[in-house]
Amino acid sequence: DNYIDEVAIPGLVRAAEEGLVDAVDGFCETIGFSPAQIERVFQAAASLGLPVKLHAEQISDLKGALLAARYSALSADHLEFLSETDVPEFARAGTVAVLLPGAFYTLRETKLPPIAALRKHGVDIAIATDCNPGSSPLSSLLAAMNMACIQFSLTPEEALAGTTRNAAKALGLAGMYGEITQGAKTELAVWDVAHPADLSYWIGRSTLHMRLSNRNYM
């Protein structure tokens with residue numbers, strides 16, 4: 001509570017005044033912040049007109065995902081302990097479910113996210129590395145795609161959407177990135193593969209041929 005009062009909220013206000021914030025994230029867990037504590041931060045974010053995101057339901061079910069949904073969060077990450085009965089309410093908010101297979105692997109977790117329920121209720125699923133030195137020392141997005149397919153039984157098509165279109169949505173950048181469509185930014189990766197599924201197949205092998213953008217060609 002003292003940290004939120006003295007550091008988190010005042011720091012957020014100051015950063016927002018300086019134009020340094022595009023979203024507000026939190027960690028709602030038994031080893032992190034409680035839902036009530038996170039909600040105070042979310043209320044501060046709302047008063048500043050900032051979108052929110054949340055790491056939740058990684059090791060317990062504190063209903064953090066539903067809190068994120070009530071605040072129309074861009075995304076909720078982890079979600080291994082998200083209850084299947086909570087998925088419909090979560091889905092109605094349009095919040096992206098971000099799977100973090102690197103943390104799942106590193107922490108030797110065994111509780112799988114409710115993938116079937118997320119699919120059934122049309123929740124957009126993104127994939128991220130969650131790169132950090134504490135629980136997910138993973139920096140390869142291709143490896144994260146492979147692990148999402150192997151560990152969480154995603155299809156290669158879901159893994160590709162999860163690192164492109166749905167990832168952009170989770171960042172509040174839908175329509176600007178993640179799709180090859182009129183009006184989107186020209187930020188493209190060209191891969192030397194026979195099929196898009198190859199991006200999720202290989203481990204430790206980069207098949208990147210070149211990158212293209214509207215600024216340069218590399």
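Predicted model: local features only at pLDDT ≥ 70, side-chain atom pairs only at ≥ 80, totals over all residues.
Residues are numbered from 1 along each chain as its sequence is written, and side-chain values use heavy atoms, with hydrogens and water left out.

**The sheet**

- Five strands make up an open sheet, in the order E1-E2-E3-E4-E5, with parallel pairing. Here, strands (E, at least two residues) and helices (H or I, at least four residues) are DSSP runs numbered from the N terminus, and two strands pair if DSSP finds at least two bridges between them.
- At the edges you'll find strand E1 (27–28) and strand E5 (125–127), each pairing on one side only.
- Strand E2 (residues 53–56) runs parallel to strand E3 (residues 75–78), and four bridges join them.
- Look at lysine 53 for an example: its bridge partner in E3 is serine 75.

**Salt bridges**

- Side chains of opposite charge can pair when their charged atoms come close.
- The structure holds seven salt bridges, each being a side-chain nitrogen of Lys or Arg within 4 Å of a carboxyl oxygen of Asp or Glu.

**Arginine 119 and its partner**

- Back to our opening residue: arginine 119 forms a salt bridge with glutamate 158, and their closest N and O atoms are 2.7 Å apart.
- This pair links distant parts of the chain, with arginine 119 in helix H6 (residues 115–120) and glutamate 158 in helix H8 (residues 156–163), 39 residues apart.
- Glutamate 158 counts as partly exposed too, at 22% relative accessibility.

- Arginine 40 meets aspartate 5 in a salt bridge between their side chains (2.2 Å, N to O).
- Arginine 40 belongs to helix H2 (residues 35–47) and aspartate 5 to helix H1 (residues 2–17), so you're looking at a link between distant parts of the chain, 35 residues apart.- Both are partly exposed: arginine 40 has a relative accessible area of 27%, and aspartate 5 has one of 42%.
- Salt bridges that share partners join Asp1, Asp5 and Arg40 into one network.

**Aspartate 86 and lysine 63**

- The side chains of aspartate 86 and lysine 63 meet in a salt bridge too (2.6 Å, N to O).
- Aspartate 86 lies in the loop between E3 and helix H4 (87–92), and lysine 63 in the loop between E2 and helix H3 (64–70), so the pair ties together parts that are 23 residues apart in sequence.
- Aspartate 86 counts as buried at 10% relative accessibility, while lysine 63 counts as partly exposed at 34%.

Definitions and conventions:
Buried < 20%, exposed > 50% of the residue type's maximum accessible area, 1.4 Å probe, protein only.
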